[in-house]
Structures are given as structure tokens and as C-alpha cells.
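I opened my notebook beside the structure and wrote down what I looked up. Here are the entries, in the order I made them.

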Amino acid sequence: MAREIQTIANIGSGTMGHATALQFAVAGYPVHLVDCTRELLDAGMARIRADAESFEEAGLLAPGDTVDDVLARISTHTDYESGVKNADFIIESIVEKLEVKQQVWQEIERYAPADAIFATNTSGLSPTAIQSVLKHPERFVVAHFWNPAHLMPLVEVVPGESTAEETVGETFALMERIGKKPAKIRKESLGFVGNRLQLAVLREAFNIMNEGIADAETIDTVVKYSLGRRWNLVGPIASADLGGLDVFYNISTYLFNDMDNGTEPSPLLEAKVENGELGAKTGKGFYEWTGESGKAIIRDCDRHLLQALAEDNSAR
Ligand code: NAI
């Protein structure tokens, strides 16, 4: 029988951590939120409040729950011991550096209950490498949320070489209980599944720009109104089945030869990064993000994601 997970510890309150903490608290779990300083925790709690308010407006809180009820489930800690000692499930979203994650998990293991599950939200580090420093690596797994973690349903659940099947199963079940859509990945690989696919598309998108075939906006229009629409419903593999596998076979015989199969970052991307044009966070990437039109894209995107979650909820 699956263990009963009653209390969550959430390590890190930044971009991903604040959103996972919110997600667990909205689902009714007490959450112990851990970060390095009071100031960081205060900033994390402010983000949690703002996102909880957007959930309330979209009708995404449990019946009878208020924003204050959700926030009251979250306690804040600057030390691991008080944060993790009563936790059944510990999710970590701290800096993406192997040595730091290894050191933090070793410390957590000193204080956590012996049967707690350990989950890292790493984007791409090897779970086998992180768990190798633990006394009980079998309880360690990847739970890779997508940004923004309170709005995107997917969580990739990825075992390392020493992860127990039970750890994967219990993590999967917990993700379903908090309303996420978990995907069980059979074995670890760089980028798991989602980022491998995302980067495959991006490599060709940059190539299309580099070859002068189409500009950024045109590429985005093509994807939004064709692949994006369809993949939201059936995914690329079912799409290929529906389109006819002979058709995709034929296209594969001539098109792969013409596409980018490079193993280095695109020169276009490199130039942008060298120029400090990093996208929305610096105000400019392939688009301008400082003006009203950039803000409107972000607002519109969040609004649609909230609406989609509300539809998912009412369909459940
Ligand atoms: P972030 O920099 O926004 O937040 C990291 C938080 O961890 C900060 O609040 C920091 O103070 C805290 N922290 C750092 N060291 C700590 C420690 N030793 N103990 C406790 N707290 C500590 O970073 P972000 O973007 O939230 O990324 C966190 C993790 O999530 C990384 O592993 C990243 O690869 C992964 N991730 C990020 C995604 C993204 O789009 N930002 C998407 C999916 C996963």
C-alpha cells in the first residue's frame, strides 16, 4: 500500500519553488518552505500570495478556501532541520549546480524522517549523480515541473539508477493528487523528454531564421496555429499516426538531409546571449518585452493557462 503523504517540505522559494509550494498548499497540504534568509522567504511568500490571488480570481481554490487559508498552510524556515524533520515528501528547487544539490540533499538526509521521499526539480542534472551521495538513494527521484509551475500541468517523474519503483509510484500518485499531469519517464537522459523535444524544435527554428526562410514572428505564427493547436490535443506521435506513417516516412527520406543536425548552439542564439539580449528578463530577445505589447503577451498567456486549468478542473 502506498505511504500516506501528509506534510511537504519545499526547499527554495524562487521562480520554481514558490510555485510548487503554492501548488501543494492549494491542494490542502501543510508546507514547510525553506530558503537561505528571511528576506528571500518574504519575497517568496509575496509571490505565492500574488499567484494565489490569481488562482482565486480564476476559481481555482478549493470550495470554501481563501487566499489567507492557503497561505496559512505554509510555514517558513531558514534551517533544514525544522523545515524537513516532519516532512513525508521533500521537493527541492535550488540552484542548478550538482555539487550544491548533492551537499544540500546530504544535509536534508541528516534531519528528514527515514522514509520520506526526496524529489529534485532539476531541469537536467543526473538524478543518479545527485543520489550517489545519499545513504538511501532509493528514495530519491526527479519531479521536473514546468515553468510557471503552478500553471503548467506537466511533471516529469524520472528515476535515477538507484531509485526504487515505489518512490516513482508514490511521487506519481502525489502529483496526480495535487492536480498535476505526471509523466513517468523510464530512465534518465539529458533534458528528460520535454526539453529534448523543445530543443529539437528550437534548433530547427533558429536554422530557419539563419537561412532566411522566415523570421521569428512568422515561425511562432506557424507553430501557434498548426503544431501547437494539434499537439495540445493529440501529441506528435498520435498526429503522425493520424497523418499516415507512410507520409511521414516519405518526408523523412528527403527532409532530414536539409535540416540542422548541428551539435553546437546556434550562432544566432550565441550572438543574442553575447549582446545581453536574453529575452523578457532583459527587455529584449528576438522580441521587445518592455512595451505594452510585450506585457500583453505575458498577461494573455497567463490568462489562457489559468482558463485551461479551470477547464481541466471542471472536467475532472
Ligand atoms: P531561482 O534562482 O529563482 O530560485 C532558487 C531559490 O533557491 C532561491 O530562492 C535561492 O535563495 C534558493 N536557494 C539557493 N540555495 C539554497 C539552499 N542551499 N537552501 C535553500 N534554498 C536555497 O531558481 P529557479 O529558476 O526556481 O530554479 C530552481 C531549480 O528548478 C533549478 O534546479 C532549475 O534548473 C529548476 N527548474 C527551473 C525552471 C525554470 O524555468 N526556471 C524550470 C524547471 C526546473
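**Entry 1, a loop with a proline.** I started with Pro148, which sits in the loop between strand 6 (140–145) and strand 7 (154–159). This is a predicted model, so I read every value as computed. The peptide bond joining Asn147 and Pro148 is cis, with omega at about -5°.

Next I went to Phe192, in the loop between strand 8 (181–184) and helix 8 (194–210). Phe192 is not a glycine, yet its phi is positive, about 50°. Is Phe192 buried or exposed? I found a relative accessible area of 1% for Phe192, and because buried means under 20%, Phe192 counts as buried.

I then asked which residues have the most contacts inside the largest nonpolar core. They are Ile8, Phe24, Phe89 and Leu174, in a core of 41 residues. Helix 1 (residues 17–26) gives the most to this core, contributing 6 residues. I also noted a second, separate core of 16 residues, with Ala9, Val84, Val104 and Ile130 among its members.

I stayed with Phe89 and listed its contacts, leaving out residues up to four places away in sequence. Among them are Ile8, Phe24 and Leu174, along with Ile5, Ile117 and Met175. Phe89 also touches Thr7, Ala9, Ala119 and Thr171.

Leu174 took me to helix 7 (residues 165–177), where Leu174 is one of the buried residues. Helix 7 has 13 residues and reaches 18 Å from its first C-alpha to its last, close to the 18 Å expected. After helix 7 comes Gly179, with a positive phi near 90°.

Which helix gives the most to the nonpolar patch? Helix 9 (residues 216–231) does, with 4 residues, and Val222 is found in that helix.

My last stop was His304 in helix 13 (residues 292–315). His304 has a relative accessible area of 41%, so I logged it as partly exposed. His304 and Leu151 are 153 residues apart in sequence, while their C-alpha atoms are 9.6 Å apart in space.

Key:
Residues numbered from 1 in each chain as written. Predicted model: local features only at pLDDT ≥ 70, side-chain atom pairs only at ≥ 80, totals over all residues. Heavy atoms only, no water. Core = buried A, V, L, I, M, F, W, Y, C linked by side-chain atoms within 4.5 Å. Buried < 20%, exposed > 50% of the residue type's maximum accessible area, 1.4 Å probe, protein only. Helix = DSSP H or I, 4+ residues; strand = E, 2+ residues; numbered from the N terminus. Contact = heavy atoms within 4.5 Å. Expected span 1.5 Å × (residues − 1).
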